[in-house]
Amino acid sequence: HKEMKKILMIVAVGLMSFPTFAQTADNSDVLRRADVMPVFQDCDDERFIDHPYRCTIMQLMAHFDDAVQLTNVVGAQTKAHLKFVVEKDGSVSNVDLVRGVIVNDPSVAQQLDAGIVTVANQLEFQSAGEQNGEAVRVQVEFSVSLNY
């Protein structure tokens with residue numbers, strides 16, 4: 001009987017803490033796809049005239065490759081996986097380096113990862129995503145390729 005009370009108490013405490021956790025971890029207002037996806041910059045690549053979001057991803061990849069550079073390091077190529085939220089005003093939040101770069105030298109990896117996060121936090125999108133004609137928060141996720 002005492003054992004059952006203990007189990008019920010653990011379950012009750014667990015259930016009481018769950019709604020609090022759900023509220024703090026709630027990103028339900030962030031869309032993964034929107035009617036109109038965020039635009040990083042005007043696209044002047046004719047291949048993407050009908051696919052502006054693909055153009056945005058290509059622009060972002062080029063931007064990171066240009067912006068994240070190391071000095072005094074023999075270059076190579078690597079990838080990382082990044083996601084963030086484009087806010088209604090075009091700014092970026094919730095930057096998450098899902099998977100950092102894979103390189104042999106831990107200090108180089110650390111510098112590259114830090115560079116990716118810094119560049120991501122400084123991004124400004126030309127326009128936010130739209131759903132039903134209203135600006136919405138949209139999650140952007142892609143692989144960052146670096147030639148460093």
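User: How many aromatic pairs does the structure hold?
Analyst: The structure holds 4 aromatic pairs, where rings of Phe, Tyr and Trp (its six-membered ring) pair if their centres lie within 6.5 Å, with planes under 30 degrees apart counted as stacked, over 60 as edge-to-face and the rest as tilted. This is a predicted model, in which local features need pLDDT of at least 70 and side-chain atom pairs count only at pLDDT 80 or more, while totals for chains, interfaces and linings use all residues. Residues are numbered from 1 along each chain as its sequence is written, and side-chain values use heavy atoms, with hydrogens and water left out.

User: Why is the pair of Phe 84 and Phe 142 edge-to-face?
Analyst: The ring centres of Phe 84 and Phe 142 are 6.2 Å apart and their planes stand at 90°, so the pair is edge-to-face. It links distant parts of the chain, with Phe 84 in strand β2 (residues 77-86) and Phe 142 in strand β5 (residues 134-147), 58 residues apart; strands (E, at least two residues) and helices (H or I, at least four) are DSSP runs, numbered from the N terminus.

User: Phe 84 and Phe 142, buried or exposed?
Analyst: Phe 84 and Phe 142 are both buried, where buried means under 20% relative accessible area, exposed over 50% and partly exposed in between (1.4 Å probe, protein chains only). Together with Phe 40, Phe 64 and Phe 125, they form one aromatic cluster.

User: And which residues have the most contacts inside the largest nonpolar core?
Analyst: That core has 31 residues, and those with the most contacts inside it are Leu 60, Phe 64, Phe 84, Leu 112, Ile 116 and Phe 142. A nonpolar core here is a set of buried Ala, Val, Leu, Ile, Met, Phe, Trp, Tyr and Cys residues joined through side-chain atoms within 4.5 Å. The elements giving two or more residues to it are α2 (52-67), β2, α3 (106-121) and β5.

User: What does Ile 116 touch?
Analyst: Not counting residues up to four places away in sequence, Ile 116 touches Phe 64, Val 68, Ala 80, Leu 82, Leu 97, Val 101, Val 144 and Leu 146, a contact being heavy atoms within 4.5 Å.

User: Switching topic, where is Asp 113 found, and what does its side chain reach?
Analyst: Asp 113 is found in helix α3, and its side chain reaches the backbone nitrogen of Val 101 at 2.9 Å. Leaving aside neighbours within four places in sequence, Asp 113 is in contact with Leu 97, Gly 100 and Val 101.

Notes:
A polar contact is a pair of N or O atoms within 3.5 Å; within protein, one must be able to donate a hydrogen and the other to accept it, and residues adjacent in sequence count only if both atoms are side-chain atoms.
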